[in-house]
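Colleague: I'm new to this one and would like to learn how to read it. Could you walk me through it, one feature at a time?

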Amino acid sequence: MNINTTKVETLLAERGLTKSALAESCGISRQNISIIVRRGTCEPKTVGKLAAGLGVPVTDLIAD
């Protein structure tokens, strides 16, 4: 599933979170967060975890 990496980075900045802090809050390793943001893709269940960690709906992270 393609994700909007700019949106992820923007949400991190708005919330003052690091990728490490996001990793802890959503149960994904920091390394996987970095890979997901670099590639712009991940599994649907992982998008759900990212969205929960950022406090946004999944639809906010899906790339158009």
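Modeller: Happy to. Let's begin with helix α1, residues 5-15, whose buried residues are Val8, Leu11 and Leu12. Buried here means under 20% relative accessible area, exposed means over 50%, and partly exposed lies in between (1.4 Å probe, protein chains only). Helices (H or I, at least four residues) and strands (E, at least two) are DSSP runs, numbered from the N terminus.

Colleague: Where on α1 do its buried residues fall?

Modeller: First the general idea: an α-helix has 3.6 residues a turn, so residues three or four places apart point the same way. Looking down the axis of α1, you'd find its buried residues within an arc of 100°, so they line one face of the helix. That arc is taken from the directions from the helix axis to the C-beta atoms. Thr6, Ala13 and Glu14 are exposed on the face turned away from the buried side of α1.

A word on the source: this is a predicted model, where local features need pLDDT of at least 70 and side-chain atom pairs count only at pLDDT 80 or more, while totals for chains, interfaces and linings use all residues. Residues are numbered from 1 along each chain as its sequence is written, and side-chain values use heavy atoms, with hydrogens and water left out.

Colleague: What covers the buried residues of α1?

Modeller: The cover includes α2 (19-26), α3 (30-39) and α4 (44-54). For contacts, the rule is heavy atoms within 4.5 Å.

Colleague: And what follows α1?

Modeller: Gly16 does, with a positive phi near 65°. α2 is followed by Gly27, with a positive phi near 75°, and α3 by Gly40, with a positive phi near 80°.

Colleague: Which residues of α2 are buried?

Modeller: Leu22, Ala23 and Cys26. They fall within an arc of 105° seen down the axis of α2, so they line one face of that helix. These buried residues pack against α1, α3 and α4.

Colleague: Which residues of α3 are buried?

Modeller: Ile33, Ile36 and Val37. Their arc around the axis is only 95°, which puts them on the same side of α3. Arg38 and Arg39 are exposed on the other side of α3. The buried residues of α3 pack against α1, α2 and α4.

Colleague: Is Thr46 buried or exposed?

Modeller: Thr46, in helix α4, is buried, at a relative accessible area of 15%. Not counting residues up to four places away in sequence, Thr46 touches Ile28 and Ile36.

Colleague: Last one: where is Leu17 found?

Modeller: Leu17 is in the loop between α1 and α2. With 31% relative accessibility, Leu17 counts as partly exposed. Leaving aside neighbours within four places in sequence, Leu17 is in contact with Leu12 and Leu54. Leu17 and Leu54 are 37 residues apart along the chain, and their C-alpha atoms are separated by 9.2 Å.
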